[in-house]
Amino acid sequence: MEVKLAFPQDSPPLSIISAAKVAGVSLTIDPTLASGSVPTLHFSSGDFIHGVNTILRYIARAASVSNFYGQDAIQAANVDQWLEYAPLILSGSEFEAACSFIDGYLASRTFLVGYGLSIADIVVWSNLTGTGQRWESLRKSKKYQSLVRWFNSVAADYAGALDEVTSAYVGRRGIGKSPAPSLKEKMPGLKENTSGHQIDLPGAKVGEVCVRFAPEPSGYLHIGHAKAALLNKYFAERYNGHLIVRFDDTNPSKESNEFVENVLKDIETLGVKYDVVTYTSDYFPKLMEMAESLIKQGKAYVDDTPKEQMRSERMDGVESKCRNSTVEENLSLWNEMVNGTKRGTQCCVRGKLDMQDPNKSLRDPVYYRCNPDPHHRVGSKYKVYPTYDFACPFVDALEGVTHALRSSEYHDRNAQYYRVLQDMGLRRVEIYEFSRLNMVYTVLSKRKLLWFVQNKKVEDWTDARFPTVQGIVRRGLKIEALIQFILEQGASKNLNLMEWDKLWTINKKIVDPVCGRHTAVLKDRCVLLTLTNGPDEPFVRILPRHKKYEGAGKKATTFANRIWLEYADASVISVGEEVTLMDWGNAIIREIKTDNGTITQLVGELHLEGSVKMTKLKLTWLSDIEDLVSLSLVDFDYLINKKKLEEDENFLDNLNPCTRHEALALGDPNIRNVKQGEVIQLERKGYYRCDVPFVRSSKPIVLFSIPDGRQKSTSIGSGA
């Protein structure tokens, strides 16, 4: 089975690579993750695992070296302790203290754990090596002799494997601080990944690349914009270049400061670090000068042809009656446009390109239009505004952009982009295309998304049903899942319709290992189970919120002789059946009380000595106590009911009539401590993000259901 290790090029996980080399675990190296991303191990089966220590534990278990994870459970636990401690070595302020501690520990030991080499030795050794010159200086001194003895012994015994790794990844200043030689040249035992998103920009030179992310401030960023932003970030970092965030604010009718502020917020959420924020409106005076210059050169003209007629003439290759107007006539009408007169508002400026070109984008495109609406930044100073096709190449060239990343939907307009630059007499900017991100059952057009907002089909742009960055985060998506999902696609030009399930599957693998577990019972007809031999008085046990992750904290669980079950569970229980009450033990149901066929109460007795392996039903429950909290469990469906809308289809004909489902539930008292934005798992129900935390007993806590990639919908109640 092929295994691929992905990590950021600027921070290679030396401990993982070294451990794999010593352990005989073959890895394909893929140093293309975004800076700051955690290392990820991908398996050919489609599975993957995150995080340095998680990957190290996998390598220890898969190692061909005997006892690499210790000889027994106690030694394995000691190994785990060292894996948790080792990162302190890489902390500048803790480095010397860590060296002193390890030196004292090794005073009477040959290895860190037991009597043979374990992965703990390799990890600590690698982290020391990863500090570069700092460790080398200490190593040459006589300060920590036991530590140096141990370090030299490991280095000598495994010189072949460890020398290859360190020479490839460690410079004088430490891991990733100096250019590493070719991986294929230095690491013959490892295969470098040549697929995925590690793609060269044409003509790119390290230190000289400048890219730009240029959103229009007419809406919030959605998942498609996120792909563009992250790819620009990736190439800027890969080539040690610059990233400009530029607002293409050329249409005052659609734009606002609200959108500017939230786009910047979304960019920060995505972890995109930029060098500067600019606005196309900063260049309005120069753009107007350029338009006038092109008119004077005969490369542009003013046209008063009605809009629909102009569209028809462009399609048919028919020249406008204004195409051959004199420069004087054009300048006169241009002045009318600039002043926003009635005559001027009937006109636009068009480039004089080629009305017979098979590429219709070159058939005299519009460069300038009149618009009387005030601009969100410059007010009513201007009455004319450039089109994207005119402004974008001009500003790209002026700002020093070397590579303009554009989605492939603009492919037919690339020739226009280059021709406009040529007519303007500006330097060439290379276009690099990537495929537009399309998602099933989803519209990404801001015009269409705005319709949902304006017609109150959603709350606002942050609605959890929306594909906006804020919407999917509010639904419960972790940004690291979105980043991984997008970067796994890379800069491919292949058009794909992506499934949301894949994204939510990645998300589940991030939240499941760490989110706290809680219990909820739907209020609708919930059934009371009386345990005849239950505790006379309720008692409390302190249990872990996550049985495999201590960092999730603790929770207080109350045990009583009256407990609530969901009606769906009660309805499948038989008299005399033994069931398991989760986190308690077994119980035998002795009586089922009904009223007109509806179950009203169960009576049973605890049978805690019973085996949970022998029961068919494993039930969640809540003690009948006053401290239970009210919950509103909310699930969502897609806004449209067709997987893919064709170009000629109207999205209004495919609206999903019911997209929000809500059910009331009782929750364990610990949920009142859950914070807004926190992700939890409700046992046997799924994952939820807290949208509205506990405020007071009369107001329910609102939890949004998070898809897990396996279920299309988890409709849990009445719709809206």
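User: What percentage of the 720 residues of the chain count as buried?
Analyst: The model is a predicted one, in which local features need pLDDT of at least 70 and side-chain atom pairs count only at pLDDT 80 or more, whereas totals for chains, interfaces and linings use all residues. Residues are numbered from 1 along each chain as its sequence is written, and side-chain values use heavy atoms, with hydrogens and water left out. Buried stands for under 20% relative accessible area, exposed for over 50% and partly exposed for what lies in between, with a 1.4 Å probe and protein chains only. Of the 720 residues of the chain, the share that counts as buried is 53%.

User: How many helices and strands does the secondary structure of the chain come to?
Analyst: Helices (H or I, at least four residues) and strands (E, at least two) are DSSP runs, numbered from the N terminus. Counted in this way, the chain has 21 helices and 35 strands.

User: Which residues have the most contacts inside the largest nonpolar core?
Analyst: A nonpolar core is a set of buried Ala, Val, Leu, Ile, Met, Phe, Trp, Tyr and Cys residues joined through side-chain atoms within 4.5 Å. The largest such core has 59 residues, and those with the most contacts inside it are Ile119, Leu128 and Trp150.

User: Which residues does Leu128 touch, not counting residues up to four places away in sequence?
Analyst: A contact requires heavy atoms within 4.5 Å. With residues up to four places away in sequence not counted, Leu128 touches Ile89, Phe95, Cys99, Trp135, Leu147, Trp150 and Phe151.

User: Are H19 and H20 oblique or roughly parallel to each other?
Analyst: Axes are lines fitted to C-alpha atoms, for helices over the stretch in contact, with angles from 0 to 180 degrees between N-to-C directions. The axes of H19 (residues 479–489) and H20 (residues 500–511) come within 9 Å and cross at roughly 135°. Angles under 35 degrees count as roughly parallel, over 145 as roughly antiparallel, 65 to 115 as roughly perpendicular and the rest as oblique. The two helices, H19 and H20, are therefore oblique.

User: Is Val702 buried or exposed, and what is its relative accessible area?
Analyst: Val702 has its place in strand S34, which covers residues 701–706. Leaving aside neighbours within four places in sequence, Val702 is in contact with Ser632, Val634, Arg689, Cys690, Asp691 and Val692. Val702 is buried, and its relative accessible area is 15%.
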